[in-house]
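The following report looks at how chains of one assembly meet and how copies are related.

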There are 4 protein chains.
Amino acid sequence: MQLVEHRWFQRLRYIRQMGMASLVYPGAVHTRFHHSLGAAHLMGTALQVLSGKGVDISPEEYIAARQAILLHDIGHGPFSHALEHTLVSGISHEDISMLIMKRLQESGHFDLERAMAIFDNHYPKKFLHQLVSSQLDMDRMDYLNRDSFFTGVSEGVIGYDRILQMLVVVNGNLAVEEKGIHSVEKFIVARRLMYWQVYLHKAVLSAELLIINILKRAKQLARQGTDLFGTPALRFFLYEQITGAGLSSDIKVLEQFCALDDGDITTSAKVWTNHSDPILSMLCTMLMNRKLYKIKMSNQPLDQELEAVKANLLRYKKINEAEWPFYAFSGTTSNSTYNENDERINILMKDGSLKNISDVDNALVNSSMTVPVRKYYIGYQRVPHDNPTVSDL
Amino acid sequence: MQLVEHRWFQRLRYIRQMGMASLVYPGAVHTRFHHSLGAAHLMGTALQVLSGKGVDISPEEYIAARQAILLHDIGHGPFSHALEHTLVSGISHEDISMLIMKRLQESGHFDLERAMAIFDNHYPKKFLHQLVSSQLDMDRMDYLNRDSFFTGVSEGVIGYDRILQMLVVVNGNLAVEEKGIHSVEKFIVARRLMYWQVYLHKAVLSAELLIINILKRAKQLARQGTDLFGTPALRFFLYEQITGAGLSSDIKVLEQFCALDDGDITTSAKVWTNHSDPILSMLCTMLMNRKLYKIKMSNQPLDQELEAVKANLLRYKKINEAEWPFYAFSGTTSNSTYNENDERINILMKDGSLKNISDVDNALVNSSMTVPVRKYYIGYQRVPHDNPTVSDL
Amino acid sequence: MQLVEHRWFQRLRYIRQMGMASLVYPGAVHTRFHHSLGAAHLMGTALQVLSGKGVDISPEEYIAARQAILLHDIGHGPFSHALEHTLVSGISHEDISMLIMKRLQESGHFDLERAMAIFDNHYPKKFLHQLVSSQLDMDRMDYLNRDSFFTGVSEGVIGYDRILQMLVVVNGNLAVEEKGIHSVEKFIVARRLMYWQVYLHKAVLSAELLIINILKRAKQLARQGTDLFGTPALRFFLYEQITGAGLSSDIKVLEQFCALDDGDITTSAKVWTNHSDPILSMLCTMLMNRKLYKIKMSNQPLDQELEAVKANLLRYKKINEAEWPFYAFSGTTSNSTYNENDERINILMKDGSLKNISDVDNALVNSSMTVPVRKYYIGYQRVPHDNPTVSDL
Amino acid sequence: MQLVEHRWFQRLRYIRQMGMASLVYPGAVHTRFHHSLGAAHLMGTALQVLSGKGVDISPEEYIAARQAILLHDIGHGPFSHALEHTLVSGISHEDISMLIMKRLQESGHFDLERAMAIFDNHYPKKFLHQLVSSQLDMDRMDYLNRDSFFTGVSEGVIGYDRILQMLVVVNGNLAVEEKGIHSVEKFIVARRLMYWQVYLHKAVLSAELLIINILKRAKQLARQGTDLFGTPALRFFLYEQITGAGLSSDIKVLEQFCALDDGDITTSAKVWTNHSDPILSMLCTMLMNRKLYKIKMSNQPLDQELEAVKANLLRYKKINEAEWPFYAFSGTTSNSTYNENDERINILMKDGSLKNISDVDNALVNSSMTVPVRKYYIGYQRVPHDNPTVSDL
């Protein structure tokens, strides 16, 4: 509980779990703080279920596994994808979580040795890591349900209680009893649905790309020495070139990182709507007035459409080569329903054998679902007169 | 509304939707009356959605489609499977629904011409029939959610509101817009889960087989002239050999059929616990005290296990050849996740083309899911001393 | 668990908790079996909460209290009010529950000594009885929520989990911590709402009065020696004059009582629609076709209205004096929001004192709410041509 | 819909409905944006119900009433109570809403004449105002349910759908049909419960008082010319003395006001944790590390307790007279279950008469509930070593 009270954990209260998704789903303003507590709660239940089935879990391991899941997202910054692409380069949020755990350990106030071993999969009992990070981990179990609840997309709701009851450990690895296979199938389908319908909703994607572009532009300006409003922590990351290496080696940098939350970005963007740089000002105004990029998505590349869009934009505005990424751009995204390269979902058959779920006879999940689906998209600014007057008041 | 007040429709108040499933899920005591009203409600919503998309639906068709779905289950008897195997032979409940509609039409109080045409798929606008009976019909849409709710198996919950919003009509046939494909996938997976986990729950299957055996035995005794307690309607079906043909040709027979509900069966079985025939008495006692058959299920035939079970039973009791079906028996059941031979689920792609869902790129539902899965089972009486004293008080 | 498997307990599967209320709320078909299990579950939680607060509860008491609540309704017959007024006279369902517990005790298969002492309030630890029967007992806690759920009247939902957490024992009596007072208030208001809105819904009241009249008429006919269809158990209670004394003294009578469930009444009423007695036939037809009595309710007596109604009916039908109770009648019903004569709800104040909730400063529940509210009603048959043809087909 | 897209309305996305309550209820992070949309939705339903009952509502009035409720909260600043006590003085959020509507009207992009008349109760049809602001308005109807949902305090859930169905207009005023009286009672009790249990939860109150103190201290420092980090808008309100009059007379001031949201306050407080003023730094650190004031509440004044607390604090720290309000203080709060001075809740009796709900016979709400309940509280900093080390890392 002392971990929860630490200011670095309390910081998660100000980082929304779904970033900009609330622009589409107004209820989706729940935070990583709430999610982390929820995942730790599920971990407690899962460990009790396994204990009840005779799996050997010591009191120390029980605590460590809950610490690991509680802290699994502590390395997230505000609008993670934006940050990972712009403010800090070359380091994943998992690695930052690990850095923060190390620092907490060094502070002498917490004993996180076991939790860290579990988190980065060096602990002998592999199933503990798999509860923290795998295709059936407590992280996904919590966020799928939580995101469904707060977005109101009831179809993402999963029967996590039943899945938890069906967990077993076989040869040190996490598995699911055969009679729980339909619940696992439903979980995988719910994840698939949430991915394509919610997380990759065009307007959600659009808002994320807008945030990324705002920070990219701000960073360009900072590099040129232009003055920008910002909290000290945000200014630090705008004016310095921080890499993963810098974050690991210098505690001061980590302190700055842990001073960032959503508010640093959104209040600055609000102030920047009045910045003298026309592009930064335009992007921030788009965000504040919810005039997002228009997005088109397809199974095929959209090169031609992008050219047409650019031609149309040029009728309204001069845009030079370096500026195009802020006006019109293309990208791809991909996802697989079941990822065979990730930690697999193993089913304990009634005859005692263990099978990858995609190898079970008559299972819904089969090899065709392990192929990632790739989507191409383009994004572009709406032409000025699409919706002219209201917010220009 | 006058239809709802008719005594033949009111009769559905006394027929539980899930038969004996309440022996396993105590809340699952909801009735076909409730389900029929619910399905009619969904039909109203679906027709409004389609109307709103420009599909031509006349006021008469609106009424007729709702009549058709309201009456789609009116031909169900108590414990349908039991009845269809024993009391009335050679006629499905759909055909009986049709007979009843005809009779209501002949009474002169209702105009069901269009509803009947829709129900048995002779109406030109095919999509109206498909709303009543197809793989995405209002019947399934209602009962899946209703059964989930009343059993408490939350995993069967489907996002029917979204599916309804995505319905379209293409060339006179029902289809679903491409962006609704994930909701349809989730619907199919929920159905799959409910089938294997709930409808085919061992104890549910066991109770249904017990009811069938009780009626089979009662009918054997009736044929031998033995006296059996029963309401006049039940006695009629026990002592006469009624076929589908008889039901169609004689209004008196149909009247008797419509006088039957769950109470006729359960009160008689309760009285028969004291019948002098030891087998009938035993079977009814098993039902009343919830001492069901033990069931084993497998992907392979269980012939050897059945022999072993019989040998064991013989150690406790003399059983002759004709009696075996009441003590130990085998059977099979099968289901396909997506049935290609049934009315297919068509997806209206963004490019305007129409595709069977199993042909859509990257769809979850593919050809492997159209193969029916067959399960073998055996059922047998527990040996007398498994649980000896309590209910023999 | 053996108690649950006993046939007398399994019988509760066929007795609906809310009697005829499903004629108004089609989902309200849940059974006393389900309710009894639910109440026993709440009892387990309540005992754990109290134990956790240091209240001394032995393992034997834990079992006994759950037995007592599990069996608290076992003495209910089908449509209790009907039965208590007609088939068996001079004994409450609580007394019958006690008789059944005694009989189970005598059978030697169960040890119910403590459970019986708790049930009839002879056990030294009074709070155990209060958990079974008082204004905050597990019975009401369960049925209010369950009835809300199955009727869909969401306003009856109570926060039972919070109330359970707030329970304490002071001087051997059940009380609620002061900070739980608002939850108790909401519970009392929910009960008040369910009483007047659901339990006393005109159509629900009407259907209950109809059932009572059907059984009254059947019993009149039986006394005259007229032949009536019925299960042996129902015929026993129709043709014999059974009193509470008879039920207590003769185990055979109790056996007959325990053979009765809703099906005995409804199947007989269905058969009686064709009985030669015009009144019995009429009443049963009203029930089967859902043509209930019309009910008027008022804070004042409705004598004049009753006369007017009778005069109107006489225009259509000859009715002699003895028959009037089956055609038009008056009655009263009363309820108090908080009953001071019943076991009071005590609040443990923060200063350690104990107060009756109606004495707490600023409490919602005050003395004015302890006065019973009385309502007068009349019920009468609709005149024949109100809705003439449909169900006379 | 254009109103919703306006940046001043979009601003509500960044203002949490329940302010600091998420420190206690982690899910309670929903925004005024979400609430305003919800209330507008309820308004639409209410108007349709009334229309369906024959109340004359023109299309223009339909739009205006929805505009009025949509904008009823647009004058809220971040942490309203804090702002109203510190940053802007002498003007309520309702008055600011009115100012903003006027400004939007003047912009020429919206027609809000009728909406403004409804909002400030100058429109002839009084019931339209009462739907916006009264004891049964759409505002409370929405926020009670929404706050219950997001806090997880299920007891606050109200049956708003039923209340909406029971609305009527009598002599131009809003009333409720008699048969809806129990639903209204339940609504009033839910509000009472939410007030005392959630809105006045000690830790919620404590966090609000902390925010107020932070802004008071910041304003003191600003007045002394001390430099303080902040967005331009926040600095404007810290360094200028803005009154309601200033807000009304100068559009620039209103623009600044509309540039404020929660992020301005929380990011500044975060930066201020490092400010050189020890009191400001201490208060902000308390907020960020969730080390709230300790609160005691009572029906009597707590003067003695406050003295004791002060004496104890002095053992650890020198505190001068001017600083005491930041360390230890007292206050009062009051609420009445039913406020007779506010717009009353009128019940349309079955006999056609109209009664104030507190005058209805046997109603739950009676005159004793109209007396406001007053509570006294003290708040104070925990002594330094209560919980020493964790967050001082």
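Six salt bridges are counted between chain A and chain D, a salt bridge being a side-chain nitrogen of Lys or Arg within 4 Å of a carboxyl oxygen of Asp or Glu. Among them, Glu5(A) pairs with Lys291(D), with the closest N and O atoms 3.5 Å apart.

This is a predicted model, in which local features need pLDDT of at least 70 and side-chain atom pairs count only at pLDDT 80 or more, while totals for chains, interfaces and linings use all residues. Side-chain values use heavy atoms, with hydrogens and water left out, residues are numbered from 1 along each chain as its sequence is written, and chains are lettered from A in the order in which they are written.

## Extent and make-up of the A–D contact

The contact (heavy atoms within 4.5 Å) takes 47 residues from chain A and 47 residues from chain D. The buried area, which is the accessible area (1.4 Å probe) lost on putting the two parts together and summed over both, is about 4000 Å² between chain A and chain D, and carbon and sulfur atoms give 61% of that area.

## Relation of chains B and C

Chain B is superposed on chain C by a rotation of 180° with 0.0 Å of shift along its axis, at an RMSD of 0.0 Å, using least squares on the C-alpha atoms of residues with pLDDT of at least 70 in both. The two copies are therefore related as by a two-fold rotation axis. In chain B, the C-alpha nearest the axis belongs to Gly263(B), 2.4 Å from it. The same surface serves both copies, since 100% of the contact residues of chain B recur in chain C.
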